[in-house]
Amino acid sequence: MRFGFDIDDTLINLREHAFHIYNKKLNQNVSLEIFQQLKTVEIHEAFGLDKEQGNQMWNSLLEEIYFTDCPAFEGATDFVNRLVQDGHEIFYITSRPANYCPKTRNWVVQKGFPVEDAHFYCGMQDHEKINIIKELKLDFYFDDKPAVLETLSDVPTKVFVKDQSYNQHVNIPRVKSWVDFNF
Ligand SMILES: [Mg+2]
């Protein structure tokens, strides 16, 4: 079978990692509880920033957010490695900017995820992921982002949503945890 994965906030806990960085940089102490209640993919609201300030903050910290010690979700690397051992093919589809693609790929490998050469896609918009998912004829695809998942209602691929506070309204099968997930 052919499995596709989004990376940020599907396999790795990027927003929470960014949340801790924001707290440090802004000299704030916003609680994790507030973060966990956010209904937006963007995290700036928790810090009292507006959209523009939030975008500025995110972009100025992008490399630190992407390439430091962001943890994978518990069980995520084991899950994907087990798929490879069982003979499945793995593809990564991330909307991270194309200029960060090689560095992201290396980082993902270092983190313990199995990556084959041509199986790593970057730099597309949310609504463009569907084209790659169709082209690759994926059997399964996993993502966290409503803007992506909303485009995938008519694909033959079996789509799962990684459970997050901002995607509770998305009505498709859910991955609550990678530790005990079975497809
Ligand atoms: Mg994501």
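The legends below accompany close-up views of a predicted model.

View 1. We start with the overall division of the chain. The domain assignment gives domain 1, covering 2-12 + 72-175, and domain 2, covering 14-67. Their C-alpha centres are 22 Å apart. Where the domains meet, 10 residues of domain 1 are in contact with 10 residues of domain 2. The side of domain 1 that touches domain 2 is made up of 4 nonpolar, 2 polar and 4 charged residues.

View 2

**View 3. Strand S1 and its two partners.** Strand S1 (residues 2-5) is joined to strand S2 (residues 89-93) by 4 bridges in the parallel sense. On this side, Arg 2 has Glu 89 of S2 as its bridge partner, and Phe 5 stands opposite Tyr 92, also in S2. The pairing of S1 with S4 is parallel too, over 3 bridges. There, Gly 4 has Tyr 141 in S4 as its bridge partner. As a reminder for reading such views, side chains in a regular strand alternate between the two faces of the sheet.

**View 4. Helix H1, its length and its buried face.** How far apart are the end C-alpha atoms of helix H1 (residues 14-25)? They are 16 Å apart, and this agrees with the 16 Å that its 12 residues should span at 1.5 Å a residue. Four residues of H1 are buried: Arg 15, Ala 18, Phe 19 and Tyr 22. Viewed down the axis of H1, these buried residues fall within an arc of 110 degrees, so they line one face of the helix. Their cover includes helix H2 (32-36), helix H3 (51-60) and helix H4 (62-67).

View 5. Follow the chain past the end of H1 and you come to Asn 27, whose phi is positive, at about 55 degrees. Asn 27 belongs to the loop between H1 and H2. Asn 27 is exposed, because its count of other C-beta atoms within 10 Å is 6, and a residue is exposed at 12 or fewer. For context, most residues other than glycine have a negative phi.

View 6. What is the phi of Lys 137? The value is positive, about 50 degrees, although the residue is not a glycine. Lys 137 is found in the loop between helix H7 (129-135) and strand S4 (140-143). With 10 C-beta neighbours inside 10 Å, Lys 137 counts as exposed.

How values were computed. Residues numbered from 1 in each chain as written. Predicted model: local features only at pLDDT ≥ 70, side-chain atom pairs only at ≥ 80, totals over all residues. Expected span 1.5 Å × (residues − 1). Buried ≥ 20, exposed ≤ 12 C-beta atoms within 10 Å, placed from the backbone. Arc of directions from axis to C-beta. Contact = placed C-beta atoms within 7 Å. Pairing = 2+ DSSP bridges. Domains from an automatic or database assignment. Nonpolar A, V, L, I, M, F, W, Y, C, P; charged D, E, K, R; others polar.
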